[in-house]
Amino acid sequence: MKKLTLLFLAAFLAIGIIACTETTTTAATTAGTTTQGTTVTTTGGTTTGGTTAGTTTTNTTTQPTTTTTTTTTEAIDVENVYIHFNVSMLAVELLNVKCWGQDAGGTWLADYYIDFTEEDAYGVVAIVPIGTNGRANLGFGIIPGMTWEPAAPQIDSVDFTEVDENGDIHIYVVKGESTVSYGTAPEGVEKLGINVDYIPNIVISQGGDAEVSLLIDEFDRNAVTADGVTYSGNVTLTERMTHLRVDYTDTVGITADAAIYKAAMPNNSQGQFAYLALVMKGSNGASINELKLAFRFDDNHELITLPFADLLDPDLEALPELTGEYQIYIINIPDTLDGLTFTAKSGYTDVAAGGSIVGFHLLADGINAGTVEIQSIYYTNDAVTVGVGENDFVIDDFQRVDVGAAVAGIWWHDSIGGIVGLWLELADGTEDAVYAFDNAPIGDYQNVAIRIRGVIGGDLLIRPVFDDGLGGTTLGASVLLSALLNPENTAIGMLAGGFQTVLVNLANNSWGDTLCGLSITVETGAVSIDWIQYKSFFAVEAATYPSLASDDLVVFDGFDRATLGATAAYDPTNPVALANGLYYIISYTNSEALGKLYTEENALVFDCTANADYINFVEASQTGNLGTHPYIVFKMKTDEGGSFADFRFQTGSGNVVWANQFYAAPDLSSFASPYVSNDGWTYVVIDLALSGFLTSFEELTMYYSGSGRLLIDSIFFANDDYPRLDLENRTVADVSTGTQVFTAGAEYQYNYIDLEATNPLNQRYMVFVLKGTGFANFRFATHIGDVNSDVKFIADLKGVNGFTYSLDDFAADGYRYLIVDLLASGLQLNPEGLHLHLNDAQIFIAEIFFADVVATPIDPTELGVYQPDPETVIDGSASGYVYTYVNFDGVSAADYLVMVVKGDLTSIRFATINDDESVVSNVVWIHELIGPNGVKIAYQPTSTEYQTIIVDLAASGLGTEVSALHFHYGNDSATDVLTIQKMSLLAKPAVPLYDESTLVTLHAPEQTIDAMATEYTYTYFGFATPLLGQRYLILNVTGDATALRFEAIKANDSTVAVKWLWDLKGIDGNALVYSTELTPQTLVIDLVASGIGTDIKALHFHYGNASSTDLIIVHSFQAANPIDPTLLFAAAIGE
């Protein structure tokens, strides 16, 4: 039910009629217009009412001078008009029906509003009563709220002749269409519902060490002094604009690769800008005559390198000399290059130089030395530029720490120099340089962190400042930084030359928690300090590789074509591209024509076997990523000496990112993928945002260089897999039949939501289907009777597996599942209602229900059964207590107990026992038992029909080794009668250890090896079928495996040194698990992880270790491959 007050204005409009000789009232409407409540009065004339479409005119009076014949409209005997609209009740939200019309005398009645109150297979229904209010005609519109924004075609006049024998009219409206149907629903009309998105509800661990920091000083002010800061000696701040500083010499900064600065980008590839501007200054003997600029046309042509003396400004004049002040060097590109030629590399043709370049290299002449500082570089068309303008393109403004770090829109850039930040600099002089602060209590932080730079082997003094507790400070002893201890309790050591972050641990240096500052002294040399922080670290769970939803993949390109189809330039009519769902396919290096880029068995191949030069490949797909999928996945491998490390790409016009910066999760390389197919393909999962890529794009630009081949079978986008709700078995809780809308202004608003179902199945999750605004102030409590839970905000709620929500998880324009783990969130399992509290919010709640997540089905194989015939009837009504021994005929390693019982269940309690009764669990009552969903089981306390109850044995504290039950019943009640039809033990589904379809038997005849008397026995096992690449060796044995070891004989007759079982790895990559018991066991050995290899034809089998239990039966040797973890993905992308 929508939270709207029905507005029924049943009273007729009071119409004032002016006395006249003849008065006529006429309603006139034209197609597509609306006339509502319009009254016109004339003297000896005609009254008409009319408005344009989408407008409403009420109580309008005009007085024309003409007269007409009086007309009247007689009411047709209609009782109700049923307005059917093809949306579900959940999609109605604020929609309601605005009605208008006249009575039998032609008088306009008041407009009024009515809700949709019913729902059928076609959609929602609003019922307009006609017979009770004397209406002669009816028009209506379906609108949101009280505003005139029709959500469906406006109906100006319902055809009353369509009345049925019951006096009703059924009119069917189709959202977005202009026609309506009477009597019966039109065929083929879809009932429109709402789309609900999952919030992933997954917990992705971050990996490594997490930290918390408190910034003390980052030196971004204009003076050294600040509150609590003092200094003496040669202490200064760097230039207050971050910039590039390069010291060039006769050997440094003189090549295109190791340049003073270099960059490439597409923004002037067509001569879009006339000028290249560098904001630059020089020192330490730098001269403009010692610099050169190399212009780059593309990668297929040589650079044009010119001395700065030959460069022209906009007035065709030479550039000015460098000074100690910044100047803007405006380089006139087309006039400087006029008459010159870009010389082609092999296989290409020369190109006359002009204004088009894709990059440049700033070089030193290799003769002299000096220092160049660059504040910014940009393209412009302004010949008198005094700084970056609105229409200019900034190539670099150096607003970062690492000069080589990627910048959006730039293909690549780098420098032999470094970026000078906003630093504090201390240098020796006539007195020591000292910087100190004394007003920053360290509190609970454990370390002082300093990002510092000094000459290699340099050092400085650090003196702690302590709060004396009396409003003053005391100084500790001065200690060389190199001697201070870090969190690992080792000395920090001398400075390393470049910027480094040093950590001084309070506890290891006995500084204590009253530290409130530092005094830093430089006696000789100079240091730069970027920042000072306090830090603490804490360990977090190792990062986990993303688990991908195989049912939500979007293929960018599968390369399922014989010819790659890459053109050397942009071609939107490329037939290969259009036939394969692509906008264009390009290789600007023309590598397909050169044989370096091609398809092979439906895979893209980058081939650098003959030429190490880089390969460029660009394509735009009609199935790009519109920001809907956080991961891009490359199914790839290398051969012939290729390397993943030489691969890089960019999305759209974003940064080019190299393979060593591909991350699947924080601090987890994309190449640590568990998705490796049995035929050698790795599914490399890259978190786009985390790795620095644009997340919404249609174009990919890829590069490969170096050696060997890189093969890409397919590229697709993916989402996290996450627990899905078992929607089929949900229990709808709220009493509303449609979307409820809760609105609150700045003032606090209380709302009560009644729950019709109070979670009768004890499902673990309460789920809200909601959207809206103001979730920061969305909070609620559950209640049972007068007992309320604590009020929970969004941040207090726990989702599946402990997932914590953020406000970013919710939106105003799309419904989400807010999945609330009732147990983990501290809410009641069987609430009767919700106390909803809001401020500054509008929340749409389409539905509230209880559910569990879709779980792995329980294996139906019964491990142990108690099924008496006839059924066991336990009557405790007279005795007050009855004991029953429930025997499952042998011990079972079980996960679940299934009870099929009826009667009074309230006094059931029992303990489990193993086969020799050496292990007996505690007695657990039925109301304490936990179900497979992790919460207390749901059951009817008394029933005449059998109930099936499934108990999670381990979660209920009953253990998993079960042979029988000590079953106790009765609680001095006259109703204590229980019938047991059946009890059984079940297990979780067995997880296959290997791909059974690849299983081969290598050696089958059973052989007993007895070393109890001899202490050692040698046995040769030759395989009838040598391993043909299978990764797992499977030994099926019975007995004590402790003394087992073997040498593997390879196909070429070489041997692998003896491996004891504890040297071997199992399928999980960890040490092989084996038993010393005289019981059957299957040992699955990962030959690759164990360092043996897969080409084995025999084993030298050694056994015995002078033990009385050295007896083992070898049943068989088998081999198999791992279960291919990529099969679901391969099927999903059509392979």
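This is a predicted model: local features need pLDDT of at least 70, side-chain atom pairs count only at pLDDT 80 or more; totals for chains, interfaces and linings use all residues.

Residues are numbered from 1 along each chain as its sequence is written, and side-chain values use heavy atoms, with hydrogens and water left out.

**Stop one: a sheet.** Select strands E36, E39, E46, E41 and E42: these five form an open, antiparallel sheet in the order E36-E39-E46-E41-E42. Strands (E) are DSSP runs of at least two residues, numbered from the N terminus, and two of them pair if DSSP finds at least two bridges between them. Strands E36 (582–586) and E42 (657–658) stand at the edges with a single partner strand each, so one side of each has no neighbour in the sheet. Now zoom in on E41 (residues 647–651), which two bridges join to E42. Show Phe 649 there, and you'll find its bridge partner in E42, Val 657.

**Stop two: aromatic rings.** Rings of Phe, Tyr and Trp (its six-membered ring) pair if their centres lie within 6.5 Å; planes under 30 degrees apart count as stacked, over 60 as edge-to-face and the rest as tilted. That rule gives 46 aromatic pairs. Phe 606 is in strand E38 (residues 604–607) and Tyr 704 in strand E46 (residues 696–704), 98 residues apart. Both are buried, meaning under 20% relative accessible area (1.4 Å probe, protein chains only). Next, pick Phe 697 and Phe 717, an edge-to-face pair at 5.5 Å and 80°. Phe 697 is buried at 4% relative accessible area, and Phe 717 at 1%. Then go back to Phe 606 and Tyr 704: ring pairs link them into a cluster whose members include Phe 649 and Phe 662.

**Stop three: charges over rings.** Here, NZ of Lys or CZ of Arg must be within 6 Å of the ring centre and within 35 degrees of the ring normal. Select Lys 262, whose charged end sits over the ring of Trp 412, 5.8 Å from its centre. Arg 730 lies over the face of Phe 849, at 5.3 Å from the ring centre.

Terms used. Helices (H or I, at least four residues) and strands (E, at least two) are DSSP runs, numbered from the N terminus. Buried means under 20% relative accessible area, exposed over 50%, partly exposed in between (1.4 Å probe, protein chains only).
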